[in-house]
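Please look at the sequence and the model shown here before reading on.

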Amino acid sequence: MKRMTLMGVAILSAAAGLLAGLLTADTSYAATHTYKVWNWPGGPTAQMNCGWHQVCLPGQYGPDYSFIDWSSATGSHIFWRSTGENTQGISVTGTITVINASSGSGSTTCHRTEVELKTPLGTSLQRIRYSHTSPFSAGSVYNVPSGLSGVSWQTRVGTTVDWDCGVYRNHLHQGRTHTNWEKTTVFPNSDAPDNCNWDACRNYASVWTHWQHKRTWWASGY
Amino acid sequence: VLLGAVAAAVLIPAATGFLVARVFFSDSATASDRVPPEGGTLTGILPPGPDVTPEPGSTPDRSRPYWHIPYENQERMAPKFRGELAGLLIGQEPPDAHDEARRCPGAVIETSPNAMRESWFPLTLSGLPDGVQVKATTVATCDDGRPLWIEVDLEIAPGTAGAGAQGGTINVWRAPGVRWWLNEGSTERWSEGEIEGRPVALLDEIVEGIGDAAIIVVDEETGGSTRVWGSGASLALLQQVAEAMYE
């Protein structure tokens with residue numbers, strides 16, 4: 001009888017131990033890794049300019065107004081700037097492609113460079129749009145550096161155009177094409193999040209870390 | 001003795017079970033993959049170089065990381081279409097594209113939905129396919145009163161039929177007097193067709209889910225055209241959007 005009881009206790013203990021082991025095991029390999037890419041301002045100068053398109057005024061920001069304007073001179077270089085981070089520990093987490101997305105014609109051409117982020121499996125994560133910008137090396141594909149801790153990187157993707165669309169003077173108008181780029185913009189000294197009033201936003205240095213678009217995705221590893 | 005036997009009966013199986021679970025259900029074996037890159041050393045699977053193209057006759061293996069790069073390389077190296085399709089000039093401009101008469105010294109840009117509805121040739125946006133919604137509209141009019149263009153940005157929700165897994169975007173651009181597009185698509189991606197009785201030029205994706213697709217519709221009303229240009233959107237989905245805009 002005692003032997004039976006001991007065997008029962010042993011079986012129960014083994015089951016309990018197995019359960020405890022399962023509950024505390026690090027099972028992330030079977031679950032998902034997280035991949036993040038932040039996109040930063042691509043302008044060349046230290047001053048931001050609001051109000052070009054009537055979307056940079058208090059009260060006029062809505063959920064889809066992700067664009068911001070950066071002053072620049074004719075022919076200024078425009079950069080894709082990003083920081084990549086992933087829990088898998090790989091150093092490349094996808095690619096970007098430089099795309100000529102210009103519209104219009106002749107002297108009223110609206111120059112537009114779009115940069116499309118893709119996962120290693122080719123899934124489009126949508127684009128960042130650089131308006132009033134002629135593409136630099138359209139069609140080029142670049143690896144997106146990443147790491148366990150953030151890896152920052154930049155590459156030139158365009159050149160600013162004066163009198164763009166026959167209308168706009170020099171400036172970069174930058175934003176997302178799709179709302180699955182998460183906009184996390186909190187401007188210092190503004191009266192509300194996303195309200196980019198003139199005084200709060202004209203200082204590039206102070207808004208560098210406050211204006212960003214972030215794309216997050218999950219996969220079991222590449 | 002009994003106490004020892006009970007303790008052994010509890011502790012040994014419990015510890016064994018715990019260890020078994022940790023060994024077989026933990027990913028400690030891949031811990032080395034988590035070492036951060038040092039001194040610029042690259043880790044993980046890296047994309048193929050810019051000269052790598054698909055093996056002739058091969059089909060895409062979408063389970064392999066960076067499977068799409070050879071197809072994009074192939075497209076980049078392929079001859080580009082230069083010529084006329086459906087009465088539209090593709091890949092080049094007409095000689096008068098930059099004539100003085102086409103220029104506009106100043107313009108008014110309006111972004112309200114009302115401006116679109118009241119424009120010279122408004123795009124119909126009421127019958128768009130499920131999952132496709134308007135993100136922004138623009139109407140540009142020259143200071144001398146000439147219409148320049150109207151534009152609509154559409155967003156495609158993830159999971160929409162005919163779109164990428166993460167959704168996509170569509171840009172619709174309509175202009176009078178413009179029947180050309182300086183696109184760099186390869187010859188084999190272009191074809192002609194018809195939508196709602198109108199001639200159209202069609203640009204297909206490079207392979208499904210990779211590369212843009214587009215439809216350019218000839219507008220007899222304005223002597224111009226309307227371009228429906230999608231990213232993460234199949235040609236079939238763009239066709240539904242184009243049809244909705246001309247109903």
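Val172(B) touches Leu123(B), Ile150(B), Glu151(B), Val152(B), Leu154(B), Thr226(B), Arg227(B), Val228(B) and Met245(B), when residues up to four places away in sequence are not counted; contact means heavy atoms within 4.5 Å. This is a predicted model, in which local features need pLDDT of at least 70 and side-chain atom pairs count only at pLDDT 80 or more, while totals for chains, interfaces and linings use all residues. Residues are numbered from 1 along each chain as its sequence is written, chains are lettered from A in the order in which they are written, and side-chain values use heavy atoms, with hydrogens and water left out.

Val172(B) is also among the members of the largest nonpolar core, of 28 residues, that touch the most other members, together with Leu154(B), Ile170(B), Ile215(B), Val241(B) and Met245(B). Such a core is a set of buried Ala, Val, Leu, Ile, Met, Phe, Trp, Tyr and Cys residues joined through side-chain atoms within 4.5 Å; buried means under 20% relative accessible area, with a 1.4 Å probe and protein chains only. Elements of chain B giving two or more residues to this core include those in the table. Helices (H or I, at least four residues) and strands (E, at least two) are DSSP runs, numbered from the N terminus.

| Element of chain B | Residues |
|---|---|
| α3 | 113-117 |
| β4 | 132-142 |
| β5 | 147-156 |
| β6 | 168-175 |
| β9 | 198-203 |
| β10 | 213-219 |

Helix α4(B) gives the most to this core, with seven residues. The buried residues of α4(B) include Leu235(B), Leu238(B), Val241(B) and Met245(B). A second, separate core of 19 residues includes Ile96(A), Leu125(A), Ala219(A) and Tyr222(A).

In helix α2 of chain B (residues 69-77), Ile69(B), Pro70(B), Tyr71(B), Glu72(B), Asn73(B) and Glu75(B) are buried. Their cover includes β4, β5 and β8 of chain A. Thr95(A) is found in strand β4 of chain A and counts as buried because its relative accessibility is 1%. Beyond four places in sequence, its contacts include Tyr142(A), Pro47(B), Tyr66(B), His68(B) and Ile69(B).

How many disulfides are there over all chains? The count comes to one, a disulfide being a pair of cysteine sulfur atoms within 2.5 Å. Cys110(A) and Cys165(A) form this link, with sulfur atoms 2.3 Å apart. Cys110(A) lies in the loop between β4 and β5 of chain A and Cys165(A) in the loop between β9 and β10 of chain A, so the pair ties together parts 55 residues apart in sequence.

Technical notes. Buried < 20%, exposed > 50% of the residue type's maximum accessible area, 1.4 Å probe, protein only.
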